[in-house]
Amino acid sequence: MKKSTDRKDRPTKRTRQIQRQEEIYRCLLAQYNLPQLTEKFPSVREIRTSFRCGQAAATQALNRLAEHYHFKRTPRGKSRLSLDFSNADRKFSWNDFLYQKRECSIYFLQDVAFCWQPIVEAYNREHPNRPIRSQLVCHVEEFRQLMAESAIDLLLLPNHPALVGMRKGLQFFKELTPLAKSLKRQNYYESMFLYDGSGHLRGIAPALVPKLMFYNHCAGRLPENGLKMKELPTVLKNIKQQHPELLYAAVVDSYLDFFANCGLDPAVSLTNGFSDIASWKKQVEISRRLYQEKLVPSVCDLVNYGYHFFADGQAAMMELYYSKIPRFVENGYIDFSLPPRAPGVAYHVISEVLGICQGSIQYEQAWDFIEYVLQPRIQQLLLSRMNAFSILRGLRPLHMAESVYDRVEPMLRQAVRRNSDNIMTPQLFRCFESGMDSLIKYGGSTEHFLKDFQMQYKLLQERSVI
């Protein structure tokens with residue numbers, strides 16, 4: 001009776017064959033130094049000799065390699081089948097061998113790990129057989145090195161004018177156009193979709209962060225629907241007259257934002273050779289007067305983007321991204337309005353950029369993760385860790401007051417991505433900001449400033465940075 005029970009517990013012949021084929025397949029991956037192979041993979045006969053197995057097991061293991069790496073099999077007799085790299089159906093890349101055994105990976109900066117690590121962990125709990133490996137990066141230069149080595153599947157990039165130049169129009173991301181076609185576009189804000197210069201979808205914004213005009217009691221009661229740009233100088237003068245103890249009436253942390261609000265985009269002006277020079281002169285003169293009357297500081301005089309001026313009560317208004325100071329709004333210390341805009345100028349939003357790298361070899365799983373992030377319950381999980389707005393229309397973050405959401409949501413429907421985000425490398429950003437500082441504080445020619453800016457742009461184009 002015991003003998004009969006032992007026989008039942010023993011694996012069947014078919015099971016043993018599958019186990020043996022799997023063992024040979026894994027040993028082949030581990031035993032051979034694949035990058036040093038020249039043309040031919042070991043034949044069936046050589047595999048049989050090395051592993052002392054039958055022809056069926058050796059052939060099946062070799063067939064799995066052929067299917068896995070998409071190479072064409074070349075018959076050389078009944079027991080001599082090999083893989084001919086020179087006649088492959090696709091261009092051979094050693095990176096396929098080097099990284100095929102690694103898990104799907106996502107890389108993000110260390111300062112957003114608090115927001116994104118719970119998302120990765122939730123995905124891994126729901127997909128225990130194919131988890132995603134998360135890696136933290138401390139410096140932008142590490143991104144460049146990792147992408148050069150094709151060691152990244154998914155990448156989460158910060159969207160900031162000083163860093164966006166690394167993207168070069170999102171060209172190192174694989175195209176995601178089929179993803180957009182599979183979604184119900186009416187359920188998402190249009191600014192979620194990130195396109196390259198050719199109009200191809202390359203990435204998505206996993207959340208949206210708009211800029212708002214925050215103000216304290218010194219500014220009185222600003223309209224909730226936002227100030228008009230032409231009204232801004234008058235409003236700032238009235239604030240300074242009524243509250244002379246203020247160091248500044250308002251703080252603007254970037255000239256780039258100010259000119260974008262006026263309808264002037266450096267990306268557009270560069271392409272048309274600054275044919276709109278009269279508009280630039282007008283706005284530069286307005287900025288100079290605001291500085292001379294001590295209504296706003298120059299950017300070079302700001303510390304920590306002017307946050308301390310506003311937090312210490314030395315300024316009445318400050319344009320800042322909502323993610324920076326939500327607690328002030330919740331505690332009732334300040335209120336907000338939509339930023340001042342010239343007629344017909346759209347609002348803009350920022351966000352991280354999530355995409356699949358060109359060197360990804362776990363493309364299908366990376367695609368699955370992006371679709372996973374788009375789910376409403378995952379959006380709520382992400383928003384619970386960060387102060388932002390969902391890319392899904394009508395999805396209010398649970399921690400956000402309904403009154404706050406109702407005032408910002410119409411802005412999200414009108415928001416767009418800035419054209420300048422595709423060209424503003426760190427060099428160009430510094431050139432623009434320092435040039436404007438010089439014009440405002442020390443005078444000079446607007447034409448000369450814009451000519452220098454355009455020269456820097458052409459130099460970066462020649463070096464293929466842009």
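In which helix is cysteine 431 found?

The structure is a predicted model, in which local features need pLDDT of at least 70 and side-chain atom pairs count only at pLDDT 80 or more, while totals for chains, interfaces and linings use all residues. Residues are numbered from 1 along each chain as its sequence is written, and side-chain values use heavy atoms, with hydrogens and water left out.

The protein chain contains 19 helices and 13 strands; these elements are DSSP runs numbered from the N terminus, with helices (H or I) of at least four residues and strands (E) of at least two. Of the 466 residues in the protein chain, 52% are buried, where buried denotes under 20% relative accessible area, exposed over 50% and partly exposed the range in between (1.4 Å probe, protein chains only). Among contacts with a separation of 6 or more, 73% join residues 24 or more positions apart, a contact being heavy atoms within 4.5 Å.

In soluble globular proteins, nonpolar side chains tend to be buried together. A nonpolar core is defined here as a set of buried Ala, Val, Leu, Ile, Met, Phe, Trp, Tyr and Cys residues joined through side-chain atoms within 4.5 Å. The largest such core comprises 71 residues, of which Trp116, Leu154, Leu354 and Phe369 touch the most other members. Helix H6 (residues 113–126) gives the most to this core, with seven residues. A second, separate core of 47 residues includes Ala219, Ile239, Tyr457 and Leu460. When residues up to four places away in sequence are not counted, phenylalanine 369 touches Ile106, Trp116, Ile119, Val120, Tyr123, Ile132 and Leu154. In helix H16 (residues 376–383), the buried positions are Ile378, Gln379, Gln380, Leu382 and Leu383. These buried residues of H16 pack against H6 and helix H15 (363–373).

One cavity of 30 Å³ or more is present in the structure. On a 1 Å grid over the protein atoms alone, a cavity is a set of points where a 1.4 Å probe fits but cannot get out, and lining residues have an atom within 4 Å of a point. The largest cavity has a volume of about 210 Å³, a volume being the space filled by probe spheres set on the points, which are joined across faces, edges and corners. Its lining consists of 20 residues, of which Val252, Phe258, Ser287, Leu290 and Val296 lie nearest the centre. Two or more lining residues come from each of helix H9 (232–242), helix H10 (255–261), helix H12 (277–292) and strand S10 (315–321). The lining divides into 16 nonpolar, three polar and one charged residue; Ala, Val, Leu, Ile, Met, Phe, Trp, Tyr, Cys and Pro count as nonpolar, Asp, Glu, Lys and Arg as charged, and the others, Gly among them, as polar.

Cysteine 431 is found in helix H18 (residues 426–442) and is buried, with a relative accessible area of 17%. Leaving aside neighbours within four places in sequence, cysteine 431 is in contact with Phe449, Asp452, Phe453 and Gln456. Cysteine 431 and aspartate 452 are 21 residues apart in sequence, and their C-alpha atoms are 8.3 Å apart in space. Cysteine 115 is likewise buried, at 12% relative accessible area, as is cysteine 357, at 3%. With a disulfide taken as a pair of cysteine sulfur atoms within 2.5 Å, the count comes to zero disulfides.

Several loop residues were also examined. Serine 191 lies between helix H8 (177–182) and strand S6 (193–195) and counts as buried because its relative accessibility is 3%. Beyond its neighbours within four places in sequence, serine 191 is in contact with Ala205, Leu208, Val349, Ala415, Val416 and Arg417. Aspartate 265 occupies the loop between H10 and helix H11 (266–271) and is buried at 14% relative accessibility. With residues up to four places away not counted, aspartate 265 touches Trp280, Arg418, Asn419 and Ser420.

Phenylalanine 274, in the loop between H11 and H12, has a phi near 55°, a positive value in a residue other than glycine; phenylalanine 274 is buried, with a relative accessible area of 8%. Lysine 294 also has a positive phi, of about 55°, although it is not a glycine. This lysine 294 is found in the loop between H12 and helix H13 (307–311) and is partly exposed, with a relative accessible area of 40%.

Note on methods. 1 Å grid on protein atoms, 1.4 Å probe; cavity = no way out; pocket = protein on both sides within 12 Å on 5 of 7 lines; lining within 4 Å.
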